Structure formats: C-alpha cells, structure tokens
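Trainee: I am new to this structure. Can we go through some of the labels used for it, and what each one rests on?

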Amino acid sequence: MTASRIDIFTDGACSGNPGPGGWGAILRAGHHEKEISGGEKATTNNRMEMMAAIRALESLKGPSAVTIHTDSRYLLDGATKWLARWKANGWKTADKKPVKNDDLWRALELSLERHDVTWRWVKGHSDHVENARADALARAAIP
C-alpha cells in the first residue's frame, strides 16, 4: 500500500530544438511543496519534458500514489500508451525503427515501478498556475 498522495506538475523547455534546455517540477503533498529543476546544454524539448517527470519521481522518499500533471502529449502518451509496446518489441516502434529517447523511457519506466501513478494532461500556456510555475522553473534552468 502506498504511504502518501503526491501531485507533481512538470514542464520542459528548450531554447532551439535541439539546443540548451531545462526542466522543472513542483511536488505537492498536502500543504507541503517542493520545486526542483535542472538543465542541459544540448538537448530537446521532449527530453526535458521526460527529465522533469523522472527527476520528480526519483526525488520521492518512498512509494506514493502520484498524479503527474503534464502539458506534454509525448510524455503522457509515451508513458500510458506506447511504453509497454516498445518494450515488448525490443525498443522498436511499430515500423521497426529504434525508439527515440529510449534511455529516458527506460529510466522513466524504472521510476514508475515503485509508485501508483495517474497521468493528467493540462493545456500548456493556458493560465494553469502550476503549469506556468513549472514552465518558469524549466526556463530559468536553461544553461
């Protein structure tokens, strides 16, 4: 049984795509909040979206019931629709090509294993307070 309920709000940003990028996440458990962020000199927006979720999940101290709020369809659909199929197909897409970002998909899969995760899509840049904060964290983390 999971010990706590956590809301995680994530976003990624890239200056150029590819280019320098950043990720940001807000973790909320009840009245407690924590903000985390990071960046890379050479990356893509999709990789930064994924890093936000991975690092947020990795930062949790124990198994939790987690809701991840993201504006990235790539992250949400990858985690909920494509990941199991890619793994079953030896990390190949339906048209037998290598899965892009498979290193991060594998890391995400490991991060997801110890938590009960629900995914929620939010429309980006639409006055969603936490999404705007996560975006600001990601942009501030671009090296």
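Mentor: Start with Ala42, which is exposed because its relative accessible area is 67% and exposed means over 50%. Keep in mind that this is a predicted model.

Trainee: Where is Ala42, and what does Ala42 touch beyond its neighbours in sequence?

Mentor: Ala42 lies in strand S3. Leaving aside neighbours within four places in sequence, Ala42 is in contact with Gly19 and Pro20. Ala42 and Ser15 are 27 residues apart in sequence, and their C-alpha atoms are 9.6 Å apart in space.

Trainee: Why is Leu137 called buried?

Mentor: Its relative accessibility is 16%, and buried means under 20%. The value falls under that cut-off, so Leu137 counts as buried.

Trainee: Which residues does Leu137 touch?

Mentor: Leu137 lies in helix H4. Not counting residues up to four places away in sequence, Leu137 touches Trp23, Gly24, Ala25, Ile26, Glu35, Ile36 and Ser37.

Trainee: Glu130 is a charged residue by class. Is Glu130 buried or exposed?

Mentor: Glu130 counts as buried because its relative accessibility is 16%, and the limit for buried is under 20%. Glu130 is found in helix H4, residues 129-140.

Trainee: What makes the link between Glu130 and Arg28 a polar contact?

Mentor: The side chains of Glu130 and Arg28 are joined at 3.0 Å. A polar contact needs a pair of N or O atoms within 3.5 Å, one able to donate a hydrogen and the other to accept it. The distance is within the limit, so the pair is called a polar contact. Apart from neighbours within four places in sequence, Glu130 is in contact with Phe9, Ile26 and Arg28.

Trainee: How do you know that His69 is buried?

Mentor: His69 has a relative accessible area of 13%. Buried means under 20%, so His69 is buried. His69 lies in strand S4, residues 64-70.

Trainee: Which side chain does the side chain of His69 make a polar contact with?

Mentor: The partner is the side chain of Asp7, at 2.8 Å. That is within the 3.5 Å limit for a polar contact. Beyond neighbours within four places in sequence, His69 is in contact with Asp7, Ile8, Phe9, Thr10, Arg120 and Val122.

Trainee: What about Trp105: buried or exposed?

Mentor: Buried, because the relative accessible area of Trp105 is 0% and the cut-off is under 20%. Trp105 lies in helix H3. Its side chain makes a polar contact with the side chain of Tyr74 at 3.3 Å, which is also within 3.5 Å.

Trainee: Which aromatic cluster is there, and what makes two rings a pair?

Mentor: Tyr74, Trp82, Trp86 and Trp105 form one aromatic cluster. Two rings pair if their centres lie within 6.5 Å. By this rule the count is 4 aromatic pairs.

Trainee: What is noted about the backbone of Trp91 and of Asn101?

Mentor: Trp91 has a positive phi of about 60 degrees although it is not a glycine. Asn101, also not a glycine, has a positive phi of about 65 degrees. Trp91 is found in the loop between helix H2 and helix H3, and Asn101 is found in the loop between H2 and H3.

Trainee: Why are Trp91 and Asn101 called buried?

Mentor: The relative accessible area is 10% for Trp91 and 17% for Asn101. Buried means under 20%, so the label applies to Trp91 and to Asn101.

Trainee: Which residues does the cis peptide bond join?

Mentor: The cis peptide bond joins Asn17 and Pro18, with omega of about 15 degrees. Pro18 is found in the loop between S1 and S2.

Trainee: How much space lies in the largest pocket, and which residues are closest to its centre?

Mentor: About 250 Å³ of space lies in the largest pocket. Of the 14 residues that line this pocket, Ile6, Leu27, Ser59, Leu60 and Lys61 are the closest to its centre. By class, the lining has 5 nonpolar, 5 polar and 4 charged residues.

Definitions and conventions. Residues are numbered from 1 along each chain as its sequence is written. This is a predicted model: local features need pLDDT of at least 70, side-chain atom pairs count only at pLDDT 80 or more; totals for chains, interfaces and linings use all residues. Side-chain values use heavy atoms; hydrogens and water are left out. Rings of Phe, Tyr and Trp (its six-membered ring) pair if their centres lie within 6.5 Å; planes under 30 degrees apart count as stacked, over 60 as edge-to-face and the rest as tilted. On a 1 Å grid over the protein atoms alone, a cavity is a set of points where a 1.4 Å probe fits but cannot get out, and a pocket is an open set with protein on both sides within 12 Å along at least five of seven lines; lining residues have an atom within 4 Å of a point. Grid points are joined across faces, edges and corners, and a volume is the space filled by probe spheres set on the points. Helices (H or I, at least four residues) and strands (E, at least two) are DSSP runs, numbered from the N terminus. Buried means under 20% relative accessible area, exposed over 50%, partly exposed in between (1.4 Å probe, protein chains only). Contact means heavy atoms within 4.5 Å.
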